[in-house]
Amino acid sequence: MSRPASRGPGLAIAALALTGLAACGSGEPAAVGASAPAEPGKITVAASDTECRPAVTEVPAGTTTFAITNGGSKVTEFYVYAPGDRVMAEVENIVPGLTRDLIAELPAGTYETACKPGMVGKGIRNPLKVTGEHKPLTADAKLARATADYKRYVKSQTGTLLVKTEEFVDAVKAGDIEQAKALYPVSRTYWERIEPVAEIFGDLDPAIDAREADLAEGEEWTGFHRIEKDLWITKDVRGDGPIADKLLADVKTIVAKANATELTPLNLANGAKELLDEVATGKITGEEDIWSHTDLWDFDANLEGSKAAVQALRPVLEERAPDLVKTLDERFAAAEAALAAHQRGDGWRPHDELSKAELKKLSDAINALGEPISGIAPIVAK
Amino acid sequence: MGNGNRPPAGTRGPSEGRMSRRKLFGFGAAGVAAAGAGALATRSLVEEPPAALAVDHVSTPVPFYGEHQAGIVTPAQDRLHFVAFDVVTDKRAELVELLREWTAAAARLTQGREAGASGAAGGPPEAAPDDTGEALDLPASALTLTVGFGPSLFDDRFGLADRRPAALADLPKFPGEHLVPEISGGDICVQACAHDPQVAVHAVRNLARIGFGRVSVRWSQLGFGRTSSTSRAQATPRNLMGFKDGTNNLKLEDDRLLREHLWARGGDWMAGGTYLVTRKIRMTIETWDRTSLAEQEAIFGRDKRAGAPLGRKAEFDPPDFAAKGPDGKPYIAPDAHIRLAHPSSNGDAHLLRRGYNYVDGSDGLGRLDAGLFFMAYQRDPRTQFVPVQMALAKRDPLNEYIKHVSSGLFACPPGVRDAGDHWGRALFA
């Protein structure tokens, strides 16, 4: 979590219009059932550990429903990317043997589809062409679309956050330490991608994500890091049932609130910056996960979350600051490449294994990206 | 708001108190060194003092444009922030663009202005300010920013391999050095000197910020007390061993010596430039302090209070290396520091030293982490710094109290001529 003192205006200035859970079309994880046969109008996608095959390579502009069936052995995800890896739609946590639907609204253009077996990496990509009528948006409509796109992202992340936190909590309550350790960084990934949204709800963020060092004397300590310490240090989670239950309850509350919150383009710009600040202050130093040393999972999630917010703004930025877009693309790619050097299997090297020189490279990449990202806010505020 | 200007030179107001304090400090220090001031007066009978030089005026900006870079023969300011960068981009065009942006910012900062056009508080409220703000309301403080290019820049990344000057030859290994790679070397250096440390730090911080994504700070060093005078109008200061340092330094008034020993010649990109060697020299000051006065003076070859060569009366009296005392031994021992370092022992090798004392807190063993950040400018390190340092490294009894922990070598190009010119333009032409 970020230190409370450093919490800037960022997303916290969002008007907290609790509008209820208005379904906003795409991104909805739909019917989770045993591999249902494809219905008419749906584009089937055959996913496995090595393949990602949509039934067609061209679709008409407008609404398209993909039905992704995971025939592999690893949990997978499915994405539709616009140029620059802007997420147009995604569905996560497709476990082996299941089919999930994804509804995407796609204007004419060239896209890529991607499956991510193991839920990491750039995924298995294929081109997707969308043809037909496409009305160009006005400036205001582009900004509105940016926030709508990002809300869709928040929705997909929070959906999986709930599922993964529940699995983690179940493992803790069952006393299955090994399983809980494996699930700890995975469940946090979805949290870390959208943390600036969660920070809007002041007292819930610390309840979920406070580190021991953040606490004032006498303050109650709950959340992920409390359980982290028991998993890695005391190696005894027998007393953690109530903490685990509270964690899940807090996550449920924050997910409902996050999805009901209205966001502005400035929120997105500042959120993207805050996520990189989190990397610079907490993850590069290893202060986030001091017992599990899983900081690089959080690093990756912060970087992805920052990119999602920036990419939602991309159409606006391309119009107003094309040079900045070019710089951002290059520097996101450089940061991702710097981090990718530390991938291990489906996860990441523990922070305490990285040398000072390796950490400096990561730090340089984040500093290089952070400066141009701080230039987004004044552009979208124009 | 928004004009990006700090108060012009000589503005009365909040800066005045600061100026008075500085003046007090400066003259106070000179006053303590009473014998030094006396020596200065004695010498001025011999040589006409350059009365026009107002070396310690904190408000007066030092001109940025000129034939040579400022910050070399500029009368040494009180404070230093030295920084070495690694270039992290592999694109030549991005590096050149950075040098342009840096030059523009340096031209502003040295004149007491803010780093960017909108400044610390003149931009849109949603934007991060283009100046960090801690030098607002401070005068220019004689800030100079001096750039240099390290040997590592001349590898195959930017097509500069065939432009590496012969004089930029890697330094040899000197006996007894304990160099730490993380605080040595670097592709590009910037020396920021000012009478106010906040002004020097502000400049380095803003240049580093402009550089993100293209360069990364490799190491940096703060220095708090100049250990050399580079003008005859300045009194000779003391190093942390308590001795006057740089009595025999090259000085800006020594026209002929500067041409012979400081400025690079020839028609290439370095003409009018110079070469900088930096050495961070950690002193074990605690053991030094327990050493008798006689031994301290014998090691340096100078009298501690006045700074006079042993056997002579005043600081600027030339040392007589042949003179013997009543005991038949030379006043200045065969291995005394001033004998080993003297031009007469090193084929007439002169250096323009511009070092600073440093204290980087303490070392966790109850000792100050202190010493000298040595900097010397010269025409060719191969015939100047290297033979002098080799002689010192082999024989200097001072080695018992010091350890070289960092080393840097940089080719400092000639000055920026005008607003259309930039740092390294001739190198990248």
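Helices (H or I, at least four residues) and strands (E, at least two) are DSSP runs, numbered from the N terminus. The model is predicted, with local features needing pLDDT of at least 70 and side-chain atom pairs pLDDT 80 or more, while totals for chains, interfaces and linings use all residues. Residues are numbered from 1 along each chain as its sequence is written, chains are lettered from A in the order in which they are written, and side-chain values use heavy atoms, without hydrogens and water.

**Exercise 1.** Determine which helix gives the most to the lining of the largest pocket.

Solution. 
- On a 1 Å grid over the protein atoms alone, a pocket is an open set of points with protein on both sides within 12 Å along at least five of seven lines, a cavity is a set where a 1.4 Å probe fits but cannot get out, and lining residues have an atom within 4 Å of a point.
- At least two lining residues each come from α10 (322-340) and α11 (356-373) of chain A and from α3 (92-109) and β4 (215-223) of chain B.

**Exercise 2.** Describe the largest cavity by volume and lining.

Solution. 
- There are nine cavities of 30 Å³ or more.
- The largest cavity holds about 680 Å³ of space.
- Among its 36 lining residues, B:D245, B:H337, B:A341, B:R353 and B:L392 are the closest to the centre.
- α9(B) gives the most to this lining, namely five residues.
- By class, the lining comprises 18 nonpolar (Ala, Val, Leu, Ile, Met, Phe, Trp, Tyr, Cys, Pro), five charged (Asp, Glu, Lys, Arg) and 13 polar residues (the others, Gly among them).

**Exercise 3.** Identify the residues with the most contacts inside the largest nonpolar core.

Solution. 
- A nonpolar core joins buried Ala, Val, Leu, Ile, Met, Phe, Trp, Tyr and Cys residues through side-chain atoms within 4.5 Å; buried means under 20% relative accessible area (1.4 Å probe, protein chains only).
- The largest core has 69 residues, and B:W102, B:L145 and B:W423 have the most contacts inside it.
- α3(B) gives the most to this core, with nine residues.
- Beyond four places in sequence, the contacts (heavy atoms within 4.5 Å) of B:W423 include B:F64, B:L99, B:W102 and B:L145.

Notes. Grid points are joined across faces, edges and corners, and a volume is the space filled by probe spheres set on the points. Buried means under 20% relative accessible area, exposed over 50%, partly exposed in between (1.4 Å probe, protein chains only).
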